[in-house]
Amino acid sequence: MTVSHTARLLVVGDDDFGAAAADAILQRLPDRRPRLGIATGDTPMPLYSELARRVRSGQIDVSTGFLIALDEYVGLGSQDPRSYAAYVRTQVGAPMGIPAGNILVPDGLAVDPDAEAEAFERRIGDLGGVDVQVAGIGSNGHLAFNEPGSPLDSITRVVTLSEQTRSDNARFFGSSSDVPHRAITQGIATICRARSVVLLARGSSKAAALAAALTGPVDTWIPASVLQRHPAVTVIADRPAAADLPTMRY
Ligand code: PGA
């Protein structure tokens with residue numbers, strides 16, 4: 001088994017995670033009108049804190065940039081603190097000095113979620129696509145809310161969340177029964193159109209999925225494995241998440 005030839009893999013300690021991820025992103029992000037694809041959840045928080053720190057200290061200025069979310073729960077409005085719109089606005093956009101008008105998140109309260117998904121796919125294209133996509137991996141191998149079995153050629157659409165994902169995300173809602181059943185997510189093909197992808201993984205709960213995604217076959221049952229086909233992927237993992245990777249090879 002070898003880790004995908006195209007991916008660059010960095011295994012870092014907790015203290016270095018945010019800085020390593022920020023460096024990987026900034027190396028690939030254009031200075032003018034950068035378009036950064038945003039993953040939500042716990043994993044990228046050290047990255048967003050580090051980017052905000054660099055903005056505050058004047059090392060970088062991304063105020064002309066755009067933030068493009070991967071997904072949103074159907075049924076949650078942007079003022080709901082559990083929505084990804086709220087996450088992107090408060091955890092990423094505001095601390096990085098990016099105006100609210102430059103933040104794109106699917107509308108979880110759209111009357112017609114299918115039409116909203118189609119419109120979101122178009123909006124990404126109209127903006128010229130994503131320069132650097134931050135991505136996480138689910139404990140079940142999902143990529144954004146593309147759950148196992150998602151077609152590799154899928155575009156932005158309404159999906160039903162797996163029980164695994166709803167139970168993994170119960171911590172944000174109090175109980176898994178409160179987690180919405182549906183979401184609007186960028187598709188696997190949509191994500192793969194980003195010019196580069198920085199895949200982040202932290203914690204032992206991601207070890208098996210990360211090893212399968214990087215060293216197994218490209219398979220719809222591990223949606224993140226599609227990144228093996230992407231020409232510009234950097235994977236940053238902490239040691240627990242990297243524990244199942246073939247250590248002698250990287
Ligand atoms: P997490 O989510 O960062 O909260 O673990 C990642 C994912 O499910 O893709």
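Figure 1. Val 132 sits across from Ser 196 of strand E9. The two strands here, E6 (residues 132-135) and E9 (residues 196-201), run parallel and are joined by four bridges. Strands are DSSP runs of E with at least two residues, helices are runs of H or I with at least four, and both are numbered from the N terminus; two strands count as paired if DSSP finds at least two bridges between them. This is a predicted model, in which local features need pLDDT of at least 70 and side-chain atom pairs count only at pLDDT 80 or more, while totals for chains, interfaces and linings use all residues. Residues are numbered from 1 along each chain as its sequence is written, and side-chain values use heavy atoms, with hydrogens and water left out.

Figure 2. The open sheet has seven strands in the order E1-E10-E9-E6-E2-E3-E5, with parallel pairing. Its edge strands, E1 (7-12) and E5 (103-104), each pair on one side only. Helix H1 (residues 14-28) packs on this sheet, touching E1, E2 (35-38), E6, E9 and E10 (233-238), and its direction makes about 170 degrees with that of E10. Helix H3 (residues 84-96) packs on the sheet too, where it touches E2, E3 (66-69) and E5; the angle between its direction and that of E3 is about 145 degrees. Contact means heavy atoms within 4.5 Å, and angles run from 0 to 180 degrees between N-to-C directions of axes fitted to C-alpha atoms, for helices over the stretch in contact.

**Figure 3. The antiparallel sheet.** Three strands in the order E4-E8-E7 make an open sheet with antiparallel pairing. E4 (71-73) and E7 (157-160) are at the edges with a single partner strand each, so one side of each has no neighbour in the sheet. From one strand to the next, the twist averages 30 degrees. Take a look at E7 and E8 (residues 182-185), which run antiparallel and are joined by four bridges; Arg 157 has Thr 185 in E8 as its bridge partner.

**Figure 4. A salt bridge in helix H2.** The side chains of Glu 50 and Arg 53 form a salt bridge, at 2.9 Å from N to O. About one helical turn separates Glu 50 and Arg 53, because they are three residues apart in H2 (residues 45-56). The whole structure has 10 salt bridges, each a side-chain nitrogen of Lys or Arg within 4 Å of a carboxyl oxygen of Asp or Glu.

**Figure 5. The largest pocket.** This pocket holds about 460 Å³ of space. Of its 23 lining residues, Thr 40, Gly 41, Ile 137, His 142 and Lys 206 are the closest to its centre. A pocket is an open set of points on a 1 Å grid over the protein atoms alone, with protein on both sides within 12 Å along at least five of seven lines; a cavity is a set where a 1.4 Å probe fits but cannot get out, and lining residues have an atom within 4 Å of a point.

Technical notes
Grid points are joined across faces, edges and corners, and a volume is the space filled by probe spheres set on the points.
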